[in-house]
Each structure stands twice: as structure tokens, then as C-alpha cells.
Amino acid sequence: MGEGAFDGLRVVELAQWVFVPVAGALLADWGADVIRVERPEGDPYRALATQGIGTDGGGGVNLSIAMANRGKRSVALDLRDERGRALLDELLATADVFLTNFRPGALRRLGLDAETLMARFPRLVYARGHGFGARGPDADHPGYDSSAFWARGGLAHVLTPPVLEHPINQRGALGDRNGGMALAFGIASALLRRERTGAGSVVDVSLLATAMWTLTSDVLAALAGGTPRAFYGHGGGPNPLVGAYRTKDGRHIQLVFLEADRYWADFCRLIGRDELVEDPRFVDLRARGANREACVAELSAEFAKRTFDEWKDLLTGIDAPWAPIQAVEELLTDRQVVANDYIGQVEEDGLSYRLPTGPVQFDERAPALRRAPEHGEHTETVLLELGHDWEDIGALKDAGVIP
């Protein structure tokens, strides 16, 4: 891209797991020097392997760690030692952004709470990710996305079909990555505000608030006194042209003809059912809603006559919103994914692996992906940049302040 949007900015990241580190990775994608501070034993996420992710398929690379920490530098410090804590202060004196997901109590004990740091560094953007928000009785309660976003945030309840005895499980880091995107947006906004006013800001994003934003339509229904509910099968609303239909070979096509009267006649002609256009049961949205079961039955019978691929070919003949319901592995070769570089390649230091590039692009270009650092890989380099000599570094190693 040439100059990145965040070139010349330094982010000091004191965080672990996924939510907040993902925000740092997005900033690193666009040029920020993100220095992630890890404890001497490393981020516990480095040792976690779930959903078959880990080193498999990555040429020895933990793809989960690579996704959350690409493009950063890693410094390992023991913040329980006053010398390690002093080294963090040296880093913070060079920082534009402090990024953390440590809980409020831990930050206060370390002297890293917002009030203390903002008094010392008034131009600092202090960005923190929470489970449940910065205020209230649960502000210090631990929260992962499966608890704060999925469970307490309402998604498990809304998305679980009533026929199931137990709620469905969340996909990995679903709330974390959405929350990380929101936090990166908040940081970018605070940096713009600082450019205009000269003052830093405290930026807060919680997984609970991210869930409510994700479920805004349901929250609006609740605010209006209704009971939000999910629709299964062909929908459940008055419009049979919004929903998933099963093909001859057991796949599904999603129709989203919200402006149903606009598309009905063209759709009927496309599938060779011209007589349905003037059928009094289906002549307009109101009629189709009144005769919804009959309309769904007609459409279901039609979809059952053709295979998934045949339907995809046929529906290219109508300028209307529809999509095949794809498996995730099919996304890897989807022509739009390929054309827009939504999967990127890391080629660095003899490593080669692929990662999603993220939804944001500048000037029709995806970010150039860089590898994630090994634990503490840049500790010595960063200390040298701060003015320490090799004698200092050796003494810190001997004392166990750095690994």
C-alpha cells in the first residue's frame, strides 16, 4: 500500500488470548509498530489447540496464534519484578496506544489503570477490552467470548432451535474477532481525535456490548415490548421468498427477495412456472403471505427438481439477491474470495501459510501479511532501542526479569 495508515505509531499491547490481540493485529496490518508484552512463560493461548487448529496444516505454525498476532513484535517481561515493571514504563513513554485486556483490579495493582497512565501520558490512547464493561458490579469478573458474548449476550438463546435440549455451542472466537474489530475502530477514532485536539482518550469495548450490537434487531424488538425470536426452515415471516430451499442433492439455496413483488414475476419465468405469476394465491406479497404454506410447497417442489450446481447456474439469470449456502471449506476457492484477496499468504523467514486478511482494504488492496513473533523474540532488540546495553540485558536475564 506504500505508507500504512498507522505507520510511525507505536502500540504497546499487554494482552492475551484473542479479543484484544486481534485488535493489535489489525493495527499492525496497516503499519503500526505493535509491541506485545508477554509474561516470561508466554501467553496461555500459545498452548491451546482447539477445533483441529494448531500446527496441523500450517507447516509447524500455530495458525490461531499467527492470526491474532501477525505483524507484531514480542517482548517477554516479568511485571511482578519492579525492574520488569520499570521496563514497561520505558516502553509506555514511547507509545501512542496502550492496549490491554487485563482486568481492572490487576491493572490497578500494577499501576497501569487508566487514571494513572493518562495523568502521566495525556496524549496516550488507552484502549481496553472487557468482558462486561468498565463500570458496574461485574466489571472485574472474568469473561471470555463464550461467556460474555455468546451466553450472557443473548446469542446462544436466540440461535438455539427450541427443539434442542441444550444451547448450541459458539464457533471459535466469534465474539473476540468482532469485538477486536470494534476496538480497532475505536482506537483509530481516538487517534483522529488526538490529531485534532492533542488529547488522548480512554477507549472501551466489551464483549457484552458487542453481542448487543450484533443482535441489534432483537434488542430493538425487546425495547418495543416484543419477544425476539429466530426463524428456522423457510423463515416464518409472511414472505416465502426469504429463506433456504433444499435442492435435489440435499444442498440449500438462500433466497433474500425482500422486495418480493419486484422479483416474483421474473423468478417464476426463470424457473419455467409462468402460470404462478397471475395465480391469485400468489399475485402479490399480501396474497403470498396469506397463502404462505402453499407458496412454500410450490417453491420447495421446484427446488427439489434441480441440483445445487444447476440452481447456481440458473439463478445467475436473475438480478436478485440470493446465495448458495456454502461450507467453510468452499469459501477458500469462492471466486469472490479469490478475486478480492480475502485469503492472504504469509511468506517470511522460510515460512509459508495462509490466513484470512480481514474485511478492511485500502485502495482495493488487502494488507500484506507478516508472520507472528515467537515468544519474546524481540526482547533484546527492543531493549537495545530503548538505550540498554548488553551488560544491562545480561543482568536482566540473570535476574529472570526477561527470559
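**Cysteines, sheet and cores**

The structure holds 0 disulfides, a disulfide being a pair of cysteine sulfur atoms within 2.5 Å. This is a predicted model, in which local features need pLDDT of at least 70 and side-chain atom pairs count only at pLDDT 80 or more, while totals for chains, interfaces and linings use all residues. Residues are numbered from 1 along each chain as its sequence is written, and side-chain values use heavy atoms, with hydrogens and water left out.

Cys-268 counts as buried because its relative accessibility is 1%. Cys-295 is buried as well, because its value is 0%. Buried stands for under 20% relative accessible area, exposed for over 50% and partly exposed for what lies in between, with a 1.4 Å probe and protein chains only.

Next comes the sheet. Its 3 strands form an open sheet in the order β7-β8-β9, with antiparallel pairing. Strands (E, at least two residues) and helices (H or I, at least four) are DSSP runs, numbered from the N terminus, and two strands pair if DSSP finds at least two bridges between them. At the edges are β7 (242-246) and β9 (322-324), each of which pairs on one side only. From one strand to the next, the twist averages 20°.

β7 and β8 pair over 5 bridges, and Tyr-245 has Ile-253 in β8 as its bridge partner. The hairpin of these two strands has 5 residues between them, and there Gly-250 takes a positive phi near 85°. On its other pairing, β8 (residues 252-256) is joined to β9 by 3 bridges, with Gln-254 opposite Ala-323.

Two helices pack here. Helix α14 (residues 308-315) packs on the sheet and touches β8 and β9, its direction making about 30° with that of β8. Helix α13 (residues 292-303) lies across β7 and β8 and runs at about 40° to β7. Contact means heavy atoms within 4.5 Å; axes are lines fitted to C-alpha atoms, for helices over the stretch in contact, and angles run from 0 to 180 degrees between N-to-C directions. The covered face of β8 carries Ile-253 and Leu-255, whereas His-252, Gln-254 and Val-256 are on the uncovered one.

A nonpolar core is a set of buried Ala, Val, Leu, Ile, Met, Phe, Trp, Tyr and Cys residues joined through side-chain atoms within 4.5 Å. The largest has 42 residues, and Leu-27, Leu-99, Leu-183 and Ile-187 have the most contacts inside it. Helix α1 (residues 19-29) supplies the largest share of this core, 7 residues. Leaving out residues up to four places away in sequence, Leu-27 touches Phe-6, Val-11, Ala-32, Val-34, Ala-184 and Ile-187. Another core, of 27 residues, lies apart from the largest one and includes Leu-14, Ala-95, Phe-121 and Val-401.

Lastly, Asn-101 sits in the loop between β4 (97-100) and α4 (104-109). A polar atom of the Asn-101 side chain lies 2.8 Å from the backbone oxygen of Gln-16. Beyond four places in sequence, the residues that Asn-101 touches are Leu-14, Ala-15, Gln-16, Val-20, Pro-21 and Gly-129.

Technical notes: Polar contact = N/O pair within 3.5 Å; in protein donor to acceptor, adjacent residues only side chain to side chain.
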